[in-house]
Amino acid sequence: MKAASGEQALAGERKLRMPSCLLKLTRVVLSHKPFALFIIIVVFVSLAYQKLYWGIGEDPKSSVPTSSLSAERSCAHYVPSPLDMAGGPSPSTGNVFFVETSEQTAPSYLFSCSVESAARTHPASRVVVLMKGLAKENGSLPKHWAFSLLSCLPNVEILPLDLTELFSGTPLAQWFLQPQRQQEPHFLAVLSDACRIVLMWKFGGIYLDTDFIVLKNLQNLTNALGIQCYDELNGAFLSFEAKHKFIEICMQDFVQNYKGWAWGHQGPGLVTRVFKKWCSIRTIKSMSCKGVSALAQEVVYPIPWQNWKKLFGAVSAMELQKLLKNTYAVHIWNKLSHGTKLEIPSQALLAQLYSQFCPATYTKMKQDSEELSRHAV
């Protein structure tokens with residue numbers, strides 16, 4: 001009992017000492033008012049700076065998911081150079097979207113290059129990669145070099161694609177829920193066509209197919225799409241403000257004039273017929289009407305699909321510069337070109353595009369090519 005009483009007395013003594021210590025501290029602060037004020041200001045500014053720094057790029061109004069899946073990575077190995085600012089920061093911070101509607105979770109070199117080149121040319125934008133094959137409940141990405149590489153780019157987010165959630169609240173919601181759709185011969189392509197117009201309607205920004213190589217910042221091409229050949233547009237590149245009337249009509253046409261079994265009807269065919277109605281014209285040319293622009297072919301489709309083999313032909317640096325003078329992005333026509341062998345390194349047009357606009361992916365391609373050559377000896 002005496003020991004207990006002693007402990008209580010000691011505790012009481014400590015309690016009595018605490019105010020004395022605080023009193024002394026208060027006297028010190030009051031006796032050094034300018035210095036104390038300086039310290040308080042420094043601490044406040046430091047906290048404010050940290051909040052501002054870590055909050056850059058956050059958009060509280062955006063309902064696009066923000067938690068990217070994690071990947072095992074060694075960024076010093078995959079990203080040998082800092083992001084190219086491409087002449088300065090982008091004038092807008094709108095999202096750049098890529099979509100993979102298959103269950104594929106092993107991205108190709110071209111897929112990686114598409115995302116990397118977009119990230120480098122849009123350093124102030126979120127580059128959002130939505131993939132159906134990534135299960136929501138899985139907190140990490142599959143082990144694959146492309147995921148490790150792309151996760152090293154600070155503005156890239158790789159997320160699961162929830163199709164039911166994406167289509168909800170749009171004319172395409174009921175269309176998607178019909179089970180017979182998945183039996184159609186071109187369902188994955190049609191599904192991709194559907195995703196892009198809904199993304200533009202709900203969120204706005206830029207949509208790109210995963211077989212583009214981006215050369216310049218695209219943010220100044222607002223409410224626009226490109227001419228792919230005579231009298232035909234393509235939706236592989238779209239840039240629109242959210243809730244734009246043109247995109248609303250595209251969603252309505254997608255359902256009302258649906259012919260999923262006809263190749264291209266829901267893609268190039270859709271945006272072409274809607275644009276013609278929008279402008280009340282019979283033939284499409286480089287033009288702008290009612291706030292929507294049909295961009296000249298050289299802007300995003302400088303190599304026509306009929307001439308896709310030109311991508312694998314050798315060109316000089318001067319020829320390349322001349323060819324791409326007015327070009328913002330190059331469509332690689334993967335459906336046609338994917339089986340063609342590309343020598344790395346080489347003077348092929350496509351190899352030079354890889355080298356200049358997605359250097360991290362190109363480095364990986366060279367490493368793999370050298371390893372294959374060693375094994376072949």
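1. Cys279 and Cys289 form a disulfide, with 1.7 Å between their sulfur atoms. Cys279 belongs to helix α10 (residues 268–279) and Cys289 to strand β8 (residues 287–289), so the bond ties together parts that are 10 residues apart in sequence. The link of Cys279 and Cys289 is left-handed, with -65° about the S-S bond. Please keep in mind that this is a predicted model.

2. Are Cys279 and Cys289 buried or exposed? The cut-off for buried is under 20% relative accessible area. Cys279 has 13% relative accessibility, so Cys279 counts as buried. Cys289 has a relative accessible area of 14%, and therefore Cys289 is buried too.

3. How many disulfides does a search of the whole structure find? The search finds two. Besides the pair in point 1, a disulfide joins Cys113 to Cys358, with an S to S distance of 2.1 Å. Cys113 lies in helix α4 (residues 109–121), while Cys358 sits in the loop between α14 (349–357) and α15 (359–376), so this pair ties together parts that are 245 residues apart in sequence. The angle about the S-S bond is -85°, and the link of Cys113 and Cys358 is left-handed. Both Cys113 and Cys358 are buried.

4. Two further cysteines can be checked for burial. Cys195 has 0% relative accessibility, so Cys195 counts as buried. Cys250 is buried as well, because its relative accessible area is 1%.

5. Next, the sheet. Eight strands form an open sheet in the order β3-β2-β1-β4-β7-β6-β9-β8, and the pairing is mixed. Which strands are at the edges? They are β3 (156–160) and β8, each of which pairs on one side only. From one strand to the next, the twist averages 25°.

6. Strands of a sheet pair through backbone hydrogen bonds, and the pairing is either parallel or antiparallel. One parallel case here is β1 (residues 96–100) with β4 (residues 205–208), which pair over two bridges. Val96 has Ile206 as its bridge partner in β4.

7. Helix α4, which holds Cys113, packs on the sheet and touches β1, β2 (127–131), β3 and β4. The direction of α4 makes about 155° with that of β2. Helix α10 also packs on the sheet, where it touches β6 (224–229), β7 (232–240), β8 and β9 (292–295). The direction of α10 makes about 80° with that of β7.

8. Does the length of α10 fall in line with its residue count, or out of line? At 1.5 Å a residue, the 12 residues of α10 should span 16 Å. The C-alpha atoms at its ends are 17 Å apart, which agrees.

9. Nine of the 12 residues of α10 are buried, so the helix is largely enclosed by the rest of the structure. The buried residues of α10 are Pro268, Leu270, Val271, Thr272, Arg273, Val274, Phe275, Trp278 and Cys279. What covers them includes β6, β7, β8 and β9, together with helix α9 (245–256).

10. The last point concerns the residue that follows α10. This is Ser280, and its phi is positive, near 55°.

Terms used: Residues are numbered from 1 along each chain as its sequence is written. This is a predicted model: local features need pLDDT of at least 70, side-chain atom pairs count only at pLDDT 80 or more; totals for chains, interfaces and linings use all residues. Side-chain values use heavy atoms; hydrogens and water are left out. A disulfide is a pair of cysteine sulfur atoms within 2.5 Å. Helices (H or I, at least four residues) and strands (E, at least two) are DSSP runs, numbered from the N terminus. Buried means under 20% relative accessible area, exposed over 50%, partly exposed in between (1.4 Å probe, protein chains only). Two strands pair if DSSP finds at least two bridges between them. Axes are lines fitted to C-alpha atoms, for helices over the stretch in contact, and angles run from 0 to 180 degrees between N-to-C directions. Contact means heavy atoms within 4.5 Å. The expected span of a helix is 1.5 Å times one less than its number of residues.
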